Amino acid sequence: MSHTRTYLPAVVLFVAAIVVWELFVQLFDIQQFLLPAPSVIGRAFADNFGRLVSIGWFTTKEALGGLLIGCTAGIGVALITARWTIASETMMPFAIAANSVPILAFAPIVNNWFGVDNPLSKMVIVAVIVFFPMMINTVRGLTLVDANALEMMRSFATSDFRIVWHLRIPNAMPYIFNAFKVVVPLSMIGAVVSEYFGGNRSALGIFITQEAAQFRFANAWAGIIIACIVGITLYAVVLVAERLIIPWHSSVRKQTT
Amino acid sequence: MEAVPVVSFDNVDKIFNRGGADETVALKSINLDIRPSEFISIIGPSGCGKSTLLRLVGDLIAPSAGTVTVNGKEAHQARLDHDYGMVFQQPVLFDWRTIQRNVELPLEVYGFDKAERQQRARELLQMVELGGFENHRPWQLSGGMQQRVSIARALATAPKLLLMDEPFGALDEMTRERMNMELHAIWRQTDTTVIFVTHSISEAVFLSNRVIVMSARPGRIMQIVDIDLPIPRGEHTRQDPALFEAERAVREWLRKAEAFSA
Ligand SMILES: Nc1ncnc2c1ncn2[C@@H]1O[C@H](COP(=O)(O)OP(=O)(O)OP(=O)(O)O)[C@@H](O)[C@H]1O
Ligand SMILES: [Mg+2]
């Protein structure tokens, strides 16, 4: 009941936008290479569905691989350095600086290092992109702990490990989920865009550039839509996981009205 | 021969941010012996160093001068030996744990087995009148209820020394009186030593063997008032003229302390 009410405006807005887009293209007779009509993109999507799914999956695997490597490393480094506050404090400015480097600019070079056809070259780019936001947020979550809570753990005279386990890690969970919400869309952008600089023929980024180069713009748009669907799906997975794993946090608490 | 004091302050000073522009002399020349099984209250104006005094006993901060001894050892060693339980001025509950599991936390840390700690936590929650709230989360409870959870948590390990920082400050008068009776019963049944910080004169007098009146800036012990009311205390105590006499004495010293601080 309440779900329909929550999502209804968004659905209406989405449908309205599609209708306006369609009318806009039809009425003003917009050229295909500028903007194809949704109906045309829809047809291209249906015609190439099998192919789109397989190349979409290929690129999704690159994004997921990069996420796995980058997030594991980011959380791991944060856990190791948070143990020594001084280490993480010296590292943070560098991490924040590194985070503002446009890592995608290195894509052609990384393609060279690992071989342009090797999915690993894309995973490495994605991993580096997601590493810094994940690490920075996790360090924050592990260190921005209520001083009273630390004092209480101290009164229990317990080990550093137990303080990390009972206090710092739970405290960091909401920060980690916020990082995931940022890096999951980034991972898909990273994978597709680094494919623009060359890669396996069965990859989404290559498909989009080649179709566009051959003036099959509706196909290129269909590829973009696949990328959007994957991005949104991964984001939804993060939201569901957040609800399941940290139901106690204020951002996901069930309202008892 | 005098018994070994449970807590002993020997010429203790506590200065925060020494040498800085915001240097604060929180405590000055504190000398105090607390006897075994004593119930001692600390009362004084806000900022006079009551919490600081408790935190020194708990080795949560170190003295700037002098020594704090707990059970005949350094406060540091006593903390490592789990010699005390503490109720903090804020409830400090973990949102990621249910009420029951918040109470179990110290038992879990100390390595008690699961069945035992669940049993113990349930009993204590009953005692602080929170039976039925085991599976609630901290944010679903009122401030006074949260503070009672933190009392249950401090009692979980059955400490021989209980440090309580304004534990009943957030309670209504009736609940507070019931909690006072509970605490009094626990104190009599177990031979626990209690150091109890409060702003309430009547609560301090009702519960204590001695009431320490402190003055502020710098925090000093102004006077120690002996409360010679018969134990156990109960409804009859509230009618006892000696109670009013003791309250009057504490109030007078508190007034002097305020004047001294101003
Ligand atoms: N960590 C700290 N750093 C600096 N100053 C502190 C610190 N803790 C306490 N103080 C100062 O020490 C003094 C005593 O503080 P304390 O918390 O012990 O007061 P209190 O008697 O418990 O007051 P209240 O009744 O308001 O709780 C205050 O002036 C306070 O500003
Ligand atoms: Mg205080």
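**Exercise 1. State what share of the contacts in chain A between residues at least 6 apart in sequence join residues at least 24 apart, then describe the chain's overall build.**

Solution. 
- Step 1. In chain A of this predicted model, 71% of the contacts between residues at least 6 apart in sequence join residues at least 24 apart.
- Step 2. For secondary structure, chain A has 10 helices and zero strands. Its pattern along the sequence reads α-α-α-α-α-α-α-α-α-α.
- Step 3. Along the principal axes, the C-alpha atoms of chain A fill a box of roughly 75 × 55 × 30 Å.
- Step 4. Chain A has 257 residues, and 43% of them count as buried. Its accessible surface comes to about 14100 Å², with 71% of that belonging to carbon and sulfur atoms.

**Exercise 2. Work out the strand order of the open sheet in chain B, and explain why one side of β6 and of β10 is left without a neighbour.**

Solution. 
- Step 1. The open sheet of chain B is formed by six strands in the order β6-β7-β8-β3-β9-β10, and the pairing is mixed.
- Step 2. The edges are held by β6 (84-87) and β10 (220-226) of chain B. Each has a single partner strand, so one side of each has no neighbour in the sheet.
- Step 3. On average, neighbouring strands of this sheet are turned by 15 degrees against each other, direction ignored.
- Step 4. Within the sheet, strand β3 (residues 39-43) of chain B runs parallel to strand β9 (residues 210-215) of chain B, and four bridges join them. In this pair, B:Ile42 stands opposite B:Ile212 of β9(B).
- Step 5. Helix α5 (residues 143-155) of chain B packs on the sheet and touches β6 and β7 (161-165) of chain B. The direction of helix α5 makes about 175 degrees with that of β6(B).

**Exercise 3. Locate B:Pro45 and decide whether this residue is buried or exposed.**

Solution. 
- Step 1. B:Pro45 lies in the loop between β3 and α1 (50-57) of chain B.
- Step 2. The relative accessibility of B:Pro45 is 11%. The cut-off for buried is under 20% relative accessible area, so B:Pro45 counts as buried.
- Step 3. B:Asp59 is 14 residues from B:Pro45 along the chain, and the C-alpha atoms of the two residues are separated by 23 Å.

How values were computed: Residues numbered from 1 in each chain as written. Chains lettered and ligands numbered in written order. Predicted model: local features only at pLDDT ≥ 70, side-chain atom pairs only at ≥ 80, totals over all residues. Heavy atoms only, no water. Pairing = 2+ DSSP bridges. Helix = DSSP H or I, 4+ residues; strand = E, 2+ residues; numbered from the N terminus. Axes fitted to C-alpha atoms, helices over the stretch in contact; angles between N-to-C directions. Contact = heavy atoms within 4.5 Å. Buried < 20%, exposed > 50% of the residue type's maximum accessible area, 1.4 Å probe, protein only. Areas by Shrake-Rupley, 256 points an atom, 1.4 Å probe, with all protein chains shown as cover.
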